[in-house]
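Here is a short tour to read alongside the model.

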Amino acid sequence: MLIGKDRERVMAKADLRLYIEGSRGRHGNVLAHVLHAKLGKLLAVLNQFDRKQVEVRERRVDYEISDAKKFNPTFLELHPVARVPSCDVAAVMEWTFSELEAVAMGGVVDPRVDAALAKSLVDLAELPNDPTGLERFWLELNGRVVGLDDEFRRHSALLAARRIAIERPTIWKQGASLGSVVGYLSQVGDLDGEAKLVITPRIGPEKVECVVKDEDREMVKGHLWTMVRINGLLHYSEKSPFPYRVDMRRIEQVPAQTGKSLLDLRGIFRGKPRQRLDLDGLLNG
Amino acid sequence: MFYEVLGDEPVSAERRAATEQLMAANKKNENIICTSVACHLEVIPSKLTEKDVDDERQYLNLFDHVHFVDIEISTNVLMLAREIKDYYFRPVKNGNSAKMMDTVDAIHLATAIINNVDEFHTRDDSSKGSKVPLVSLYTWSGKGKVCDRYPLEIISPESPQGNLNLTGGRDVSAKSEPR
């Protein structure tokens with residue numbers, strides 16, 4: 001724990017200064033509603049950084065206005081104070097400002113700065129609709145400066161686009177296709193007149209429900225508790241690349257061992273011309 | 001890698017030993033080797049004599065096995081393969097040729113990602129002309145995941161000491177996809 005002067009020194013280092021320069025047309029004065037909007041957006045961004053640093057739901061830091069001056073540029077000094085005893089506000093501010101610097105330079109940004117936070121940064125650096133609202137806007141922490149200007153906005157927008165691409169959940173095919181599932185036929189149930197099986201593949205989905213017609217039940221009995229290949233109509237949902245259900249049309253045993261291994265076949269295609277298939281255009285967008 | 005064995009291609013002792021160790025472990029059911037059915041397009045020779053028909057049958061029979069399997073190309077594999085191919089496309093720049101991943105390579109990567117394999121095995125590492133390398137894909141692209149979002153360990157297996165006839169001497173993954 002830091003006490004006395006040590007505490008004051010560290011806390012002073014964590015103080016964040018917000019500078020805002022008014023337009024010449026207004027003699028350097030900043031419109032009150034512009035300052036109010038920018039301060040609101042800055043606090044929203046600071047709170048997001050605070051929560052993202054340790055992935056908590058509640059913010060851990062409040063900000064006191066510890067200094068303010070109205071000359072051009074106008075500035076406010078925000079003094080961070082911990083809302084919870086375990087919070088190291090100096091570390092929070094250091095991480096926050098380092099990431100703001102990385103965004104400003106177009107550098108490598110911590111993955112914890114996600115799409116939502118990146119979009120908030122874009123919003124923070126947006127110019128007001130009124131061109132006379134402000135001329136410049138920047139932050140300072142312990143002598144380090146980050147300009148919240150058009151370049152910062154462009155870098156934030158690029159970061160947001162990349163993050164959205166990464167965070168976007170993959171949407172898989174929803175529907176049905178003919179195909180097969182290989183796995184262990186592990187369970188049988190009777191519901192609504194249908195014999196329902198569960199197949200547990202060695203690779204791929206954890207389990208696939210198999211639906212069998214009444215007339216096929218006898219055929220299935222001989223394959224219970226073995227490795228099988230079930231051919232039929234595979235049903236897919238958008239949540240998974242694997243089928244969740246197969247309507248069985250045919251079932252066959254998969255041997256535990258085959259007679260030969262790949263090494264036994266060494267050289268069988270020796271000297272044979274390999275196929276030259278031009279598939280490259282197949283997936284071109 | 002399949003053709004490395006089936007075509008009996010000249011490879012280094014380290015590569016040959018690694019393949020043999022993987023196969024020895026497979027024979028003891030210590031790993032699962034899987035590949036996209038697209039592999040068959042690359043491996044099976046184009047001209048088939050009567051004997052070749054038998055060879056082809058023997059080759060395809062390899063995959064009818066719990067620990068040695070081919071994986072069908074589903075719609076989801078194709079959609080992901082297209083995403084991969086699009087991601088790694090690089091247009092012509094400063095006189096250099098455009099870069100475009102081979103379609104079958106993209107299908108292999110998509111199959112491996114969807115099936116969550118532990119290791120993706122390949123020897124393909126050429127970046128000549130329009131080619132996109134696989135072994136050094138992450139170095140080439142500057143991103144440590146496929147499309148910067150799908151984790152996949154891509155390796156060209158080599159056994160540093162060559163073949164010492166030590167079966168199981170390598171930490172073989174539970175699932176792997178040699179191609």
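α2(A) lies across β1, β2, β3 (74-82) and β4 of chain A, and its direction makes about 150 degrees with β1(A). Such angles run from 0 to 180 degrees between N-to-C directions, with axes fitted to C-alpha atoms, for helices over the stretch in contact. Contact here means that C-beta atoms, placed from the backbone, lie within 7 Å. Helices (H or I, at least four residues) and strands (E, at least two) are DSSP runs, numbered from the N terminus.

Please bear in mind that the model is predicted: local features need pLDDT of at least 70, side-chain atom pairs count only at pLDDT 80 or more, and totals for chains, interfaces and linings use all residues. Residues are numbered from 1 along each chain as its sequence is written, while chains are lettered from A and ligands numbered from 1 in the order in which they are written.

**The helix α2(A)**
- Helix α2 of chain A has 23 residues (32-54), which at 1.5 Å a residue should span 33 Å; the end C-alpha atoms are 34 Å apart, in agreement. The expected span is 1.5 Å times one less than the number of residues.
- Its buried residues are Val34(A), Lys38(A), Leu42(A), Val45(A), Leu46(A), Phe49(A), Asp50(A) and Gln53(A). A residue is buried if 20 or more other C-beta atoms lie within 10 Å of its own, exposed if 12 or fewer, and partly exposed in between, with C-beta atoms placed from the backbone.
- Among the elements covering these buried residues are β1 (16-21), β2 (61-69), α3 (89-105), α4 (115-125) and β4 (136-141) of chain A.
- Glu55(A) follows α2(A) and has a positive phi, near 55 degrees.

**The sheet in chain A**
- Five strands make an open, antiparallel sheet in the order β2-β3-β1-β4-β5. Strands pair if DSSP finds at least two bridges between them.
- At the edges sit β2 and β5 (144-147) of chain A, each pairing on one side only. From one strand to the next, the twist averages 25 degrees.
- β4(A) and β5(A) run antiparallel and are joined by four bridges; Trp138(A) has Gly147(A) in β5(A) as its bridge partner.

**The loop residue Arg26(A)**
- Arg26(A) is in the loop between β1 and α2 of chain A, and it counts as partly exposed because it has 14 C-beta neighbours inside 10 Å.
- Gly133(A) is 107 residues from Arg26(A) in sequence, yet their C-alpha atoms are 8.6 Å apart.

**Nonpolar cores**
- The largest nonpolar core has 61 residues, of which Cys210(A), Ile230(A), Ile84(B) and Ala110(B) touch the most other members. A core is a set of buried Ala, Val, Leu, Ile, Met, Phe, Trp, Tyr and Cys residues joined through C-beta atoms within 7 Å.
- Helix α6 (residues 103-114) of chain B gives this core its largest share, eight residues.
- A second, separate core of 35 residues includes Val30(A), Met93(A), Ala125(A) and Leu159(A).

- Chain B has seven helices and six strands, and buried residues make up 40% of its 179 residues.
- Leu22(B) is in helix α2 (residues 13-27) of chain B and counts as buried, with 25 C-beta neighbours inside 10 Å.
- The contact between the chains takes 37 residues from chain A and 45 residues from chain B. On the chain A side, strand β6 (residues 175-191) supplies the largest share, four residues.

Notes: Two residues are in contact if their C-beta atoms, placed from the backbone, lie within 7 Å.
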